[in-house]
Amino acid sequence: MSRLVRFSVTERVLHWTFALSYLAVLGSGLPLMFEGLRGLIRDYHPVIGLRLHVACGVLWMVATLTVVALGNRARLGVTLRELTCLARADAAWLRRFPRWLVAGRAERARIDAAVGRFNAGQKLNLLFTLATSGLLLMSGFALMPVGNGLMAAHLTGPATVGVWREAHRWLTVLVLAPIAGHVYLAALHPATRPALGGMLDGGVDAAWAAAHHPRWRPEQRDNEAA
């Protein structure tokens, strides 16, 4: 079976570092936002939960930035440019995405005919993740306890605390569905499940790549493990 290297070591480490620490932040924050969840956790205490949530947030930022600083930034730059390059064909693919989910192999291949290394869904997911992550960090910083109050109260006044709290709450709710969809497509959907290998050992089946990413032309850098 012929395989192509789709992601370098740096890209894979960054993906899993970001994803796992992000899930830790989300998991530690949900009981703080939704009190009904606290009963599911034995001996849960909001103060300890808040400290854990802040610690997870710091870990998320530090670990992600460390990988970027120490890894192959040139390779990350290439991938970032590809993921943020939107074309007219991407809009057409997104319009057909509901059909793509249930289509047979032949029809799905026709829909994917103009897809390069990344399809429009992957590009949109990256842009959504960057935007919501930045907003979650901003609103989370505003709600960080400082002295006898929250950062928002010190910077913008007590009246804004409720606004920041609601923003943080709704951003948290907003990211849940895309995360679930990402996990489903990566681990369960038959057409996209083979792509998971790219984030595990870096490689994907060449025949699968030709069918779903026909405009991807791997160069030598795509076959490097650095």
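Author: Happy to. Let's start with Arg75, which counts as buried because its relative accessibility is 5%; buried means under 20% relative accessible area, exposed over 50% and partly exposed in between, with a 1.4 Å probe and protein chains only. Please keep in mind that this is a predicted model, in which local features need pLDDT of at least 70 and side-chain atom pairs count only at pLDDT 80 or more, while totals for chains, interfaces and linings use all residues. Residues are numbered from 1 along each chain as its sequence is written, and side-chain values use heavy atoms, with hydrogens and water left out.

Glu11 is buried too, with a relative accessible area of 5%. Arg75 and Glu11 form a salt bridge, their closest N and O atoms being 3.9 Å apart; the term requires a side-chain nitrogen of Lys or Arg within 4 Å of a carboxyl oxygen of Asp or Glu. Arg75 sits in helix 3 and Glu11 in helix 1, so the pair ties together parts that are 64 residues apart in sequence. Helices here are DSSP runs of H or I with at least four residues, strands are E runs of at least two, and both are numbered from the N terminus.

Glu11 also meets Arg117 in a salt bridge, at 3.3 Å from N to O. This pair links distant parts of the chain, 106 residues apart: Arg117 is in the loop between helix 6 (105-111) and helix 7, and Glu11 is in helix 1. Arg117 is buried, with a relative accessible area of 5%.

For contrast, look at Arg99 and Glu107, whose side chains meet in a salt bridge at 2.8 Å, N to O. Arg99 counts as partly exposed at 45% relative accessibility, and Glu107 counts as partly exposed at 22%. Back at Glu11, salt bridges that share partners join Glu11, Arg75, Glu82 and Arg117 into one network. The structure holds 8 salt bridges.

Arg12 is buried yet has no salt bridge, and the nearest side chain of opposite charge, Asp201, is 6.3 Å away. Lys and Arg count as positive here and Asp and Glu as negative, with His and the chain ends not counted. Leaving out residues up to four places away in sequence, Arg12 touches Phe7, Gly198, Met199, Leu200, Asp201 and Gly202; contact means heavy atoms within 4.5 Å.

Now for the helix packing. Helix 3 (residues 73-83) packs against helix 7 at about 110°, with the axes 9 Å apart. That makes helix 3 roughly perpendicular to helix 7. Angles of 65 to 115 degrees count as roughly perpendicular, under 35 as roughly parallel, over 145 as roughly antiparallel and the rest as oblique. Axes are lines fitted to C-alpha atoms, for helices over the stretch in contact, and angles run from 0 to 180 degrees between N-to-C directions.

Leu80, Glu82 and Leu83 of helix 3 make the contact with Gln122, Lys123 and Leu126 of helix 7.
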